[in-house]
Amino acid sequence: MLPGADGVELMERMPGLADLPVSFIAGYGRDQTISRALEAGAADCIVKPFSPTG
């Protein structure tokens with residue numbers, strides 16, 4: 001958790017991130033959170049908990 005903002009807001013406030021492949025790791029798997037991240041330009045959104053083996 002970020003104080004006073006979330007990762008999507010941070011990405012929107014820093015336009016220089018648009019040139020980088022940003023992946024979000026979300027603690028909440030809500031469709032709205034995932035959609036916001038991808039609409040903001042995220043390359044991917046991984047929802048916790050996750051397993052490296054699939």
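Guide: A salt bridge is a side-chain nitrogen of Lys or Arg within 4 Å of a carboxyl oxygen of Asp or Glu. Note that this is a predicted model, in which local features need pLDDT of at least 70 and side-chain atom pairs count only at pLDDT 80 or more, while totals for chains, interfaces and linings use all residues. Residues are numbered from 1 along each chain as its sequence is written, and side-chain values use heavy atoms, with hydrogens and water left out.

Visitor: What makes Arg13 and Glu9 a salt bridge?

Guide: Their closest N and O atoms are 3.6 Å apart, and the limit is 4 Å, so the pair qualifies. Both residues sit in helix 1, four residues apart, which means that about one helical turn separates them. Helices (H or I, at least four residues) and strands (E, at least two) are DSSP runs, numbered from the N terminus.

Visitor: How many salt bridges does the structure hold?

Guide: There are two. Arg36 also forms one with Asp6, where the closest N and O atoms are 2.9 Å apart. Arg36 belongs to helix 2 (residues 31–39) and Asp6 to the segment before helix 1 (7–13), so this bridge ties together parts that are 30 residues apart in sequence.

Visitor: Why is Arg13 called exposed, and Glu9 partly exposed?

Guide: Buried means under 20% relative accessible area, exposed over 50%, and partly exposed in between (1.4 Å probe, protein chains only). Arg13 has 59%, so it counts as exposed. Glu9 has 27%, so Glu9 is partly exposed.

Visitor: Which residues make up the largest nonpolar core?

Guide: The eight are Val8, Met11, Val22, Phe24, Ala26, Ala37, Ala42 and Cys45. Helix 1 and strand 1 (23–26) each supply at least two of this core's residues. A nonpolar core is a set of buried Ala, Val, Leu, Ile, Met, Phe, Trp, Tyr and Cys residues joined through side-chain atoms within 4.5 Å.

Visitor: Why is Ile34 called partly exposed?

Guide: Its relative accessible area is 22%, and buried means under 20%, so Ile34 is not buried. Ile34 lies in helix 2.

Visitor: What is Ile34 in contact with, leaving aside its neighbours within four places in sequence?

Guide: Gly29, Cys45 and Val47; contact means heavy atoms within 4.5 Å. Ile34 and Cys45 are eleven residues apart in sequence, with 6.3 Å from C-alpha to C-alpha.
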